Amino acid sequence: MLEGELTGNQFAHFFVAMRHGQLKTKTEPTIIGYHCFWIVFEELRLMNLAVRVPMRRRGIGWALVTEAFRLGLEQSATRAVLEVRASNEPARDLYTRMGFTQISRRPYYYTNPTEDALLMEMNPLVISNGWQRDRNVVSGGESASTDSL
Ligand SMILES: CC(C)(COP(=O)(O)OP(=O)(O)OC[C@H]1O[C@@H](n2cnc3c(N)ncnc32)[C@H](O)[C@@H]1OP(=O)(O)O)[C@@H](O)C(=O)NCCC(=O)NCCS
């Protein structure tokens with residue numbers, strides 16, 4: 001699915017968060033999070049966002065979404081939309097803090113397990129300063145940054 005997005009979808013973009021610095025067994029940069037999103041004319045659509053479990057709550061999800069906003073605004077997007085599982089409190093909290101609001105609910109949208117989707121929107125699209133370290137996430141002697149694919 002990801003390969004299809006990368007090679008066959010002109011609207012799709014990816015950002016990855018890379019961890020630079022020494023891990024226990026390797027020294028090369030490691031992908032610790034990614035964000036797939038579409039820019040379709042005036043609409044930025046968040047499609048997939050994930051951060052590796054040990055790296056959560058450090059502003060990486062926020063940074064990945066903020067970088068998508070920057071690109072969307074550069075390309076004249078004016079609003080952003082997404083769907084999220086109703087039970088996904090971490091993601092809902094992130095999006096709400098960034099300025100998204102719920103505009104509708106889609107019953108039984110997801111499977112495995114079956115669950116409603118909440119449709120959230122930010123209109124107009126604006127970049128929030130709510131998370132202070134959004135562009136340069138630092139932890140101990142290591143650092144993380146975002147790159148596009
Ligand atoms: C949702 C997800 C991407 C957040 O990534 P993250 O890098 O941990 O998020 P951040 O550190 O940028 O969090 C920013 C803010 O979002 C909110 N937030 C993030 N995780 C949260 C949690 N577990 N509980 C409550 N609020 C949370 C907080 O307001 C947080 O700010 P704070 O840490 O100052 O309180 C991550 O939890 C994840 O990969 N989840 C599994 C995949 C998923 O659900 N993706 C979204 C699909 S729609």
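1. Basis. The model is predicted: local features need pLDDT of at least 70, side-chain atom pairs count only at pLDDT 80 or more, and totals for chains, interfaces and linings use all residues. Residues are numbered from 1 along each chain as its sequence is written, and side-chain values use heavy atoms, with hydrogens and water left out.

2. Strand E6. Residues 115–122 form strand E6, and eight of its eight residues are buried. Buried means under 20% relative accessible area, exposed over 50%, and partly exposed in between (1.4 Å probe, protein chains only). Strands (E, at least two residues) and helices (H or I, at least four) are DSSP runs, numbered from the N terminus.

3. Partners of E6. Strand E4 (residues 79–85) runs antiparallel to E6 and is joined to E6 by six bridges; strands pair if DSSP finds at least two bridges between them. Val-84 has Leu-118 in E6 as its bridge partner. Strand E5 (residues 101–110) is likewise antiparallel to E6, with six bridges, and Tyr-110 stands opposite Glu-115. Four residues lie between the strands in the hairpin of E5 and E6, where Asn-112 takes a positive phi near 50°.

4. The ligand sits in the largest pocket. A pocket is an open set of points on a 1 Å grid over the protein atoms alone, where a 1.4 Å probe fits, with protein on both sides within 12 Å along at least five of seven lines; a molecule sits in a pocket if more than half of its atoms lie within 2 Å of its grid points. Strand E3 (43–51), helix H2 (60–74), E4 and helix H3 (89–98) each give two or more residues to the shell around the ligand. The largest share, six residues, comes from H3.

5. Polar contacts are pairs of N or O atoms within 3.5 Å. An oxygen atom of the ligand lies 2.8 Å from a backbone N or O atom of Gly-61. For Trp-62, a polar backbone atom is 2.9 Å from an oxygen atom of the ligand. Arg-56 uses its side chain, with an N or O atom 3.2 Å from a ligand oxygen. Taken alone the ligand exposes 910 Å², of which the protein buries 77% (Shrake-Rupley method, 1.4 Å probe).

6. Arg-58. Is Arg-58 buried or partly exposed? With a relative accessible area of 24%, Arg-58 is partly exposed. Arg-58 belongs to the loop between E3 and H2, and its side chain reaches the backbone oxygen of Pro-54 at 3.3 Å.

Methods: A polar contact is a pair of N or O atoms within 3.5 Å; within protein, one must be able to donate a hydrogen and the other to accept it, and residues adjacent in sequence count only if both atoms are side-chain atoms. On a 1 Å grid over the protein atoms alone, a cavity is a set of points where a 1.4 Å probe fits but cannot get out, and a pocket is an open set with protein on both sides within 12 Å along at least five of seven lines; lining residues have an atom within 4 Å of a point.
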